[in-house]
Amino acid sequence: MYITDGYVEKNISTYAYSLSSNTAPTTPGKPSFTSSIKGGDTITVSWSASSDEENNLSGYELESSLSGGSWTRIYKGSSRSYSVTIPVGTTSVRFRVRAYDSSNAYSSYATSSTVTVVNNT
């Protein structure tokens, strides 16, 4: 289609846009790990799978909170378990995990219970 402004004839293109939506993955299962932890122990934290409506689940982010402190990301990847060493002197530990997809949509967090860490010398 062409139009003119009185001086120059101009070509007008028609553009079509496609909109798509993306939903966040479902919340993965609550992190699980041994309830008997000593400072210095290496433990494995695991969780059940998330699902994603668009089948574009990319992985999981695992965070820890040591001795009631702030959350720190300790793992990001596609595995559903991670081994972590609990530092000597830690008084308690808890974990939370969330799923993410290739569109960077994140699920809600699933959070573990707080477990007391034993530090006998």
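**Rings and burial in a predicted model**

Author: At 4% relative accessibility, Trp 47 counts as buried. This is a predicted model, where local features need pLDDT of at least 70, side-chain atom pairs count only at pLDDT 80 or more, and totals for chains, interfaces and linings use all residues. Residues are numbered from 1 along each chain as its sequence is written, and side-chain values use heavy atoms, with hydrogens and water left out.

Reader: Why is Trp 47 called buried?

Author: Buried means under 20% relative accessible area, exposed over 50%, partly exposed in between (1.4 Å probe, protein chains only). Trp 47 has 4%, so the buried label applies. Tyr 75 has 15% and is buried too.

Reader: What makes Trp 47 and Tyr 75 an aromatic pair, and why is the pair called tilted?

Author: Rings of Phe, Tyr and Trp (its six-membered ring) pair if their centres lie within 6.5 Å. Planes under 30 degrees apart count as stacked, over 60 as edge-to-face, and the rest as tilted. Here the centres are 6.4 Å apart and the planes make 50°, so this is a tilted pair.

Reader: What does the pair tie together?

Author: Trp 47 lies in the loop between strand E4 (42-46) and strand E5 (57-66), and Tyr 75 in strand E6 (residues 72-77). The pair therefore ties together parts 28 residues apart in sequence. Strands (E, at least two residues) are DSSP runs, numbered from the N terminus.

Reader: How do you know that Lys 76 lies over the face of Tyr 100?

Author: The test is NZ of Lys or CZ of Arg within 6 Å of the ring centre and within 35 degrees of the ring normal. Lys 76 lies over the face at 4.7 Å from the ring centre. Arg 98 lies over the face of Tyr 106, at 4.0 Å.

How values were computed:
Helices (H or I, at least four residues) and strands (E, at least two) are DSSP runs, numbered from the N terminus.
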